[in-house]
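Please look over the sequence and the structure first.

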Amino acid sequence: MENEGARNDRLGLLLDQFDHAREMAQVRLTGLSDEEYLWEPVPGCWSIRRRGEAATPRAFGPGEWVLDQGAPDIPANEYAEVARQAADGMSVAKIADDWSVSVERVEQILAHTGAPEPDETPITTIAWRLAHVHFHFAGQWEWTFGERRQEPKLLVDFTPSAAVALERFWALIDRWRGSVAAMTDEQLDTVGFSQYPYSNDADYPFITVLSAANLELIHHMAEIALLRDLWQARFTTPR
């Protein structure tokens, strides 16, 4: 049966995908408590923490609470991601800035030299996942529709309150959606319409950036949904 409300234009398809993802995510996040939001399923998780108590050397944020971020070097199990960024056209300088390492270090990794011992991928809290996608969308909005001058890592005041974090997050997501919905075909096809600094957005037409932003929302919300399931099952004894 044909869906009378369905759109088949480029922007309409992406907006519909975004709307469905947002609706499912909001349902899955209903009832999130502060305890669950900050729950660390294993030792050594990345999360949001009070300034001065961060578990990582590149934690950031404008206020009392900061977001754990990164080891001093790029973990060996992230080399494939570095290679993907380079294959997608991101410059070595941009990759180095994204990972907060030197250009020389990125060149070494791309040449498969000077690799450290493999490192484990960090497990994160729901708070970390939500804050991560929040700051990325905040930064993309600023560097696409805003003044294109504010540091993305200082745009979101991270909070230990799940309710406050979600209220702010949905407001930002809806702001992004509203700005995207008003775009013209010419803007969608403009290379560099987004100048978001922690990406290679500037090298692509915005329609490509928009598709990637949808996937960013979808995959992080799926990870949060899994963490919610693990929270519910944490005290379940296998039969």
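Predicted model: local features only at pLDDT ≥ 70, side-chain atom pairs only at ≥ 80, totals over all residues.

## Ala127 in helix H6

Helix H6 spans residues 126-142, and Ala127 is part of it. Ala127 counts as buried because its relative accessibility is 0%, and the limit for that class is under 20%.

Beyond its neighbours within four places in sequence, Ala127 is in contact with Tyr37, Leu38, Ser47 and Ile48. Trp46 stands 81 residues away from Ala127 along the chain, yet the C-alpha atoms of the two are 9.1 Å apart.

## The second largest pocket

Helix H6 also takes part in the second largest pocket, supplying 4 residues, the largest share of the lining. Helix H7 (162-181) is, like H6, a source of at least two lining residues. The volume of this pocket is about 200 Å³.

The residues that line the second largest pocket include His134, Ala138, Trp141 and Glu142. Also among them are Gln150, Leu155, Val156 and Asp157, as well as Arg168, Leu172 and Arg175. Sorted by class, the lining has 5 nonpolar, 4 charged and 2 polar residues.

Side chains of opposite charge can pair when their charged atoms come close.

Arg10 and Asp189 form a salt bridge in which the closest N and O atoms are 2.8 Å apart. This pair links distant parts of the chain, 179 residues apart: Arg10 is in helix H1 (residues 10-28), and Asp189 is in the loop between helix H8 (185-188) and helix H9 (206-233). Arg10 is partly exposed at 37% relative accessible area, and Asp189 is partly exposed at 42%. A network of salt bridges links Arg10, Asp185 and Asp189.

## Two further pairs

Asp174 and Arg22 meet through their side chains in a salt bridge of 2.7 Å, N to O. Asp174 is partly exposed, at 39% relative accessibility, whereas Arg22 counts as buried because its value is 15%.

In the salt bridge of Lys94 with Asp203, the closest N and O atoms are 3.8 Å apart. Lys94 lies in helix H4 (residues 92-99) and Asp203 in the loop between H8 and H9, 109 residues apart. Lys94 is partly exposed at 25% relative accessibility, and Asp203 is partly exposed at 38%.

How values were computed. Residues numbered from 1 in each chain as written. Heavy atoms only, no water. Buried < 20%, exposed > 50% of the residue type's maximum accessible area, 1.4 Å probe, protein only. Contact = heavy atoms within 4.5 Å. 1 Å grid on protein atoms, 1.4 Å probe; cavity = no way out; pocket = protein on both sides within 12 Å on 5 of 7 lines; lining within 4 Å. Points joined across faces, edges and corners; volume = space filled by probe spheres on them. Nonpolar A, V, L, I, M, F, W, Y, C, P; charged D, E, K, R; others polar. Salt bridge = Lys/Arg side-chain N within 4 Å of Asp/Glu carboxyl O.
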